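Open the model in your viewer and keep the selection panel at hand. The stops below go from one chain to the other.

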Amino acid sequence: MKARLSLDQFADASKCNEAQQKLLSFKAGRNAAGKTVPVAYFPAGSVFEGDQAIALCRTGQAVPADDECAEALGLSEEKIAALQVDYKMTSLGINDKGDRELYRAGVIAGYKKVGDKVEVIHGPNWKAYQAAIAEAEELDDELDDDDDEEGGDDE
Amino acid sequence: MANKVKSKGTALLMEISAVYTAIPLLKSISISGEKSTTYDSTVLDGPVHMTKDPTGYSEAPTIAADGFYDPDDTVQLAYIALMSAPVETNFKVTYVDTTPTSVIYACTGFGFDRTAAMIDGLACSYSIETSGTPT
């Protein structure tokens, strides 16, 4: 019974068994003291086996990698996909309802710190969304102009 | 220069079988109570004001978090299981910054309160006692 991680996941290297050790990777991160240190993680695509495979699928961190796991999980593909999107948002700290809607719509992909601000990471539909906002604003302006003209006639 | 950092993007993760798993539906995370301890070092022939010296030890912080409760959620169930079978478990808090900061807490005490109220969704709060130095 196997499942494959659908995104990078932080690992607790102190709790890894032999099989998990082989999956470990490291990337730079900052610790409590503000020092840059190697941080352990399991890369997306890592395959877990047994009961953990099912558990990771239930949280939305992984997808079944064989029929046995899919059968034991007993969830539709749509449900599995929904769990993954939910989990990805949670792991990115996207808890605001509006931002979750934008994430689902592909408008934002997460947050990043730029200077002293936290900005959104643009998703694949960011440009289309911004274009729609600009279009809506133009329409609002036109409507406002029409209202002003009508108001002018009254005077 | 010190910068204001929004709370947005902060996440609390729990170690489950060596994989850190984000706790869902959180509204707030608070880490408090970390402080160095002192002892009364006043002596009879000392000055007027009483003195205190550091013990060399510090209180470990407590993590508190509020969120919504989903009785069927796998991660919340895994957390709740810690109360019937408590084992030391590592938790990680991740922040959004340029080189992402993440802090690991070894945790030994776990609490979970549920609230059902007319004007709110089914809610829960976590209280997690940490032990030792955060890394």
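**Stop 1: the sheet of chain B**

Select the strands of chain B that form an open sheet of seven, with antiparallel pairing and the order β2-β1-β7-β8-β9-β6-β3. Helices (H or I, at least four residues) and strands (E, at least two) are DSSP runs numbered from the N terminus, and two strands pair if DSSP finds at least two bridges between them. The model is predicted: local features need pLDDT of at least 70 and side-chain atom pairs count only at pLDDT 80 or more, while totals for chains, interfaces and linings use all residues. Residues are numbered from 1 along each chain as its sequence is written, with chains lettered from A and ligands numbered from 1 in the order in which they are written.

At the edges of this sheet are β2 (19-22) and β3 (26-32) of chain B; each has a single partner strand, so one side of each lacks a neighbour in the sheet. On average, neighbouring strands are turned by 35° against each other, direction ignored. Axes are lines fitted to C-alpha atoms, for helices over the stretch in contact, and angles run from 0 to 180 degrees between N-to-C directions.

Next, select residues 62-68 and 123-131 of chain B: these are β6 and β9, paired in the antiparallel sense over seven bridges. B:F68 has B:A123 in β9(B) as its bridge partner.

**Stop 2: the helix on the sheet**

Select residues 74-84 of chain B, helix α1, which packs on the sheet and touches β1 (11-16), β2, β7 (89-94), β8 (102-115) and β9 of chain B. Contact between two residues means that their C-beta atoms, placed from the backbone, lie within 7 Å. The direction of α1(B) makes about 90° with that of β8(B).

Which residues of α1(B) are buried? They are B:T74, B:V75, B:Q76 and B:Y79; buried means 20 or more other C-beta atoms within 10 Å of the residue's own, with C-beta atoms placed from the backbone. Their cover includes β1, β2, β8 and β9 of chain B, together with α2 of chain A.

**Stop 3: where the chains meet**

Now show both chains: 33 residues from chain A and 34 residues from chain B take part in the contact. On the side of chain A that touches chain B, α2(A) supplies the largest share, five residues.

**Stop 4: the sheet of chain A**

Finish with the open sheet of three strands in chain A, ordered β5-β1-β6 with antiparallel pairing. Here β5 (47-49) and β6 (62-64) are the edge strands. Three bridges join β1 (residues 2-5) of chain A to β5(A), and A:A3 has A:F48 as its bridge partner there.

Key. Buried ≥ 20, exposed ≤ 12 C-beta atoms within 10 Å, placed from the backbone.
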